[in-house]
Amino acid sequence: MELVLALAIGALVASGVWLLLRPRSFQVIVGLALLGYAVNLFIVAMGRVGPAPPVLPGPGVGDPAAHADPTTQALVLTAIVIGFATTALFLVVLLAARGVSGTDHVDGEEPGATPPAAPAEGERR
Amino acid sequence: MSDAPNHLIVAPILTPLFAGAAMLLIDEKRRAAKATLGVVSILVQLAVATALLFAADAATGGFGGVYRLGDWPAPFAIPLVLDRLSALMLALTAALALACYVYALAGASRAGAYFHSLFQFLLMGLNGAFLTGDLFNLFVFFELLLAASYGLALHGSGPARVKASLHYIAVNLAASLLFLIGVALIYSVTGALNMAEIAFRAPSLSAADRALFEAGAGVLALAFLTKAGMWPLSFWLAPTYGAAVAPAAAMFAIMTKVGVYAVLRLSTLLFGAGAGASSGYGMEAIFLGGVATMLFAGFAALNAANLARLAGACVLLSAGALIAAVGFGRVGVTSGALFYLVGSTLGAAALFLLAGVLGRGEASPDDPAPAPVADGDEDEDEDAGFREDEQVGRVFPASMGLLGFAFLACVTLLAGLPPLSTFFAKIAMLKAALAPAGAAATDVGVEGWIYLAATLATGLFALIALTRVGMRAFWIGERASPMASPLELAPLMALLGLAAALTIWAGPALRYTGDAALALHAPRHYIERSLEPALDRVRRAEQGGGS
């Protein structure tokens, strides 16, 4: 289980970093999303991996050792929500950049090309 | 401590939250209503921050109190912790916000939608980041302030801003992921997110756990230092700040300081003198990174083509000086650094505001065609927005003289020349850096000399760059004197007036920062007070077990 999780995180981070370093803005956002998934898995893994449920069964104090850590699961939920929101925001900026510059290169211009004299037609926002 | 929590501590977070949310309900065209709400909200924050400043200063050990959200018992609640440092940062944020916001009301706030709400949410994120005593909550507030800053960086749109913001957001999203990795690692070994509790448990970690703990702290520091603008993590800063609309850029001047604040807070708390085996961890790296940032910023300043870029380089320069000062881990240096932080933030913000006035009507080389983008939309738009190259206000008779005077004040602040406060701050930092407290007073240490050289060299670079750009802006060329509305000049003068006041009352201010630094470097009191009831229980259990 630990090995599978570690390999999954590693594969996600590797592909995420590679995509993050690519020049197209769509690749960058997919890379960031993959990195986000990797980090979320990592947070869950930091609460120790095991089959135990994260909640105590009933009233009274149970044995904490028999239960998974609920804090990391709460953290990961928050991280997912925040990651989702920021990715959506980045997507909007990405679309705006595409509309303003007429290219999906992250620098707003094709390498080697002179910058466009006038912005391309299309949505401005 | 009395049982009743001090509800004033949570006010700096709730006030902008409610003000910003209420503004969303007000129609975008009712500017006066929004502006009134915004000014009132910031005035309330300023008043609260001032009250907290005096409360923290008067409290024993400079510890103003803990506010446990939801009133859960100590280690479980997410605490807001008030001490001298956080109170100082709150007051600085509120003062800066008032100036930037009033300046924006002269016109810049109309360059796009939702400026007023975004500004309030930025303040909420900043205040929260300075107050929180919980590592994960710090992440949440960081994201909040960053999300608002994305909107403000994009405010006014245009190709240069969109391009710079794209990079800015990508870098910050990546840095946020590092933040999460660091938090998760630290949590996995200490089982705590409460900063005081982490500091309490850190000395007793096993060797294997300690390695993970230090790795987590290192990754976390990387995230903070990206936001603080440490070289080589700082290449996003100058384009973003240079492209942003003037009042937003001026407000961003404090955002790098959030990174510095976080590094200072956590390094003194987790790796201070009482941290056992981890004491002093990573300090050399922070110091060298800070010095490298200073040098990089010095050369960037020499290379800056326009005033806004130069202001960005000056922000980096002060961030570098502060990071290096944190790396010393010495009370005297930290004390001077805190004083320097206030002065240089005011100076950099004033320079951004000044660049906004002077740059108006001047075609910036980086931004070849801002007008065509806006043109098509704006003519149809019945609520014809504010165009940045549009002249605001009337010719203010003495405007050129006033602006020139303001520029001179900015130069002395940013280059650290007498007579303004940063000069005294630099003296205080260098004096402490060169004269180590302790027995071996003759042994200055190579760090002190490196810092002295870097400070003097970069001060000179900044002076040369500022003088050159200043001559170009004020003396060369046949430009008519730029028009500025009193609404823009007043905040500018207020910022510089505050800096001047800090110079006049440098004694009390340095006494305050000295006490703050003393408390930071001896965090025992902070830790104990933050965890008070729980700690008592632990002690009682230990005594019971021992006897």
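Guide: Two strands pair if DSSP finds at least two bridges between them. Helices (H or I, at least four residues) and strands (E, at least two) are DSSP runs, numbered from the N terminus. This is a predicted model, in which local features need pLDDT of at least 70 and side-chain atom pairs count only at pLDDT 80 or more, while totals for chains, interfaces and linings use all residues. Residues are numbered from 1 along each chain as its sequence is written, and chains are lettered from A and ligands numbered from 1 in the order in which they are written.

Visitor: Which residue in S2(B) does Val66(B) stand opposite?

Guide: Strand S1 (residues 63–68) of chain B and S2(B) run antiparallel and are joined by five bridges. Across this pair, the residue in S2(B) that stands opposite Val66(B) is Val81(B).

Visitor: How many of the residues of strand S2 (residues 79–83) of chain B are buried?

Guide: A residue is buried if 20 or more other C-beta atoms lie within 10 Å of its own, exposed if 12 or fewer, and partly exposed in between, with C-beta atoms placed from the backbone. On one side of S2(B), Pro79(B), Val81(B) and Asp83(B) are buried, and on the other so are Leu80(B) and Leu82(B). The strand is largely enclosed by the rest of the structure, because the number of its residues that are buried is five of the five.

Visitor: How far apart are the end C-alpha atoms of helix H14 (residues 331–358) of chain B?

Guide: The expected span of a helix is 1.5 Å times one less than its number of residues. H14(B) is mostly covered, with 27 of its 28 residues buried. Its 28 residues should span 40 Å, which agrees with the separation of its end C-alpha atoms, 40 Å.

Visitor: How many residues does H6(B) supply to the side of chain B that touches chain A?

Guide: Two residues are in contact if their C-beta atoms, placed from the backbone, lie within 7 Å. The contact takes 30 residues from chain A and 25 residues from chain B. Helix H5 (135–154), helix H6 (159–190) and helix H15 (370–380) of chain B each supply at least two residues of this side of chain B. The largest share comes from H6(B), with 16 residues.

Visitor: Which element of chain A has the highest mean pLDDT?

Guide: pLDDT is the predictor's confidence in each residue, from 0 to 100. Chain A averages 81, and 82% of the residues score at least 70. Among its elements, helix H3 (residues 70–101) of chain A has the lowest mean, 87, and the highest, 92, belongs to helix H1 (residues 2–20) of chain A.

Visitor: Is Ala8(A) buried or partly exposed?

Guide: Ala8(A) lies in helix H1 of chain A. Its C-alpha atom is separated by 8.6 Å from that of Leu41(A), 33 residues apart along the chain. Because Ala8(A) has 14 other C-beta atoms within 10 Å, it is partly exposed.
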